[in-house]
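Reader: I have a few labels to check. Take me through them with the cut-offs.

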Amino acid sequence: MNKQIVLLFLCTPLMWGCTSALTALRGGNDHVFEEMKTEIADLRHALHGTEVELKLLEEKFESREMASPKGDVAALQRKIALLEKTIDKMNTELKSLTSYAGQTTSSLSHHRDQIQEIDRKISEVSKLRTTLSQMSKTYTEPPSENTYRVKSGDTLEKIARKYQTTAEALKKTNQLVSDKIFIGQELIINQ
């Protein structure tokens, strides 16, 4: 309805202009008068066509307004609510994952420190093992009071005199078949 009023206001000055031109021409040419009448008829016809189109558009608009918005709006509101819930859930999960990542990082850092400490201790043990191995190679068991290690130039007789015993007693104690001895051999001494 408002659109019809707007069209009427737009067309009114045009019609006034046409009628005043008609009045001025009446005195001169009937031919121009007829042309103006034809133009006015054409304008009225165009106005009527525009009014019909306007009514059709209003009806289409009203039918769309009645049919779809309420159902579509409710569906859209449900979708928006569902999306908001999904976003909230994802934010909660993201916070949980961030917390878990922080805990994991902390735990990994702690384990890395423990591994470094274990590596340090293993390195120390390895150094100790190497040191002990080197010491055992250079260390020779000191002769006990009852043993003697044969050196270069030793004979059973010399050893027996040193410990105040006899060569035969040394042979018997050490289960020797002959008087031959060799460097590094350990002999048990009975006193």
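Reader: Why is Arg120 called partly exposed?

Author: Its relative accessible area is 41%. Buried means under 20%, exposed means over 50%, and partly exposed lies in between (1.4 Å probe, protein chains only). Arg120 at 41% falls in between, so partly exposed is the label. This is a predicted model, in which local features need pLDDT of at least 70, side-chain atom pairs count only at pLDDT 80 or more, and totals for chains, interfaces and linings use all residues. Residues are numbered from 1 along each chain as its sequence is written, and side-chain values use heavy atoms, with hydrogens and water left out.

Reader: What makes Arg120 and Glu117 a salt bridge?

Author: The N to O distance is 2.2 Å. A salt bridge needs a side-chain nitrogen of Lys or Arg within 4 Å of a carboxyl oxygen of Asp or Glu. The value 2.2 Å is within 4 Å, so the pair qualifies. Glu117 is partly exposed, at 31% relative accessibility.

Reader: Where do Arg120 and Glu117 sit?

Author: Both are in helix α3, residues 69-138. They are three residues apart, so about one helical turn separates them. Helices here are DSSP runs (H or I, at least four residues), and strands are too (E, at least two), numbered from the N terminus.

Reader: What makes Glu124 and Arg120 a salt bridge?

Author: Their side chains meet at 2.5 Å, N to O. That is inside the 4 Å limit, so the label holds. These two are four residues apart in helix α3, again about one helical turn. Glu124 has a relative accessible area of 39%, which makes it partly exposed.

Reader: Which residue pair in helix α5 is three residues apart?

Author: Lys171 and Glu168, about one turn of the helix apart. Salt bridges that share partners also join Glu117, Arg120 and Glu124 into one network. The whole structure has five salt bridges.

Reader: How do you know that Lys171 and Glu168 form a salt bridge?

Author: The N to O distance is 3.6 Å. The limit is 4 Å, so this pair passes.

Reader: Are Lys171 and Glu168 buried or exposed?

Author: Lys171 has a relative accessible area of 13%, so it is buried. Glu168 has 54%, so it is exposed.

Reader: How many aromatic pairs does the structure hold?

Author: One. Tyr148 and Tyr163 form it, with 5.9 Å centre to centre and 65° between the planes. The pair links distant parts of the chain: Tyr148 is in strand β1 (residues 147-149), while Tyr163 is in the loop between α4 (156-162) and α5 (167-173), 15 residues apart.

Reader: Why is the pair of Tyr148 and Tyr163 called edge-to-face?

Author: Rings of Phe, Tyr and Trp (its six-membered ring) pair if their centres lie within 6.5 Å; planes under 30 degrees apart count as stacked, over 60 as edge-to-face and the rest as tilted. The centres at 5.9 Å are within the limit, and 65° is over 60, so the pair is edge-to-face. Tyr148 is buried, with a relative accessible area of 8%.

Reader: Why is Thr147 called buried?

Author: Its relative accessibility is 16%, under the 20% limit, so buried applies. Thr147 lies in strand β1.

Reader: What is Thr147 in contact with, leaving aside its neighbours within four places in sequence?

Author: Glu186, Leu187, Ile188 and Ile189. Contact means heavy atoms within 4.5 Å.
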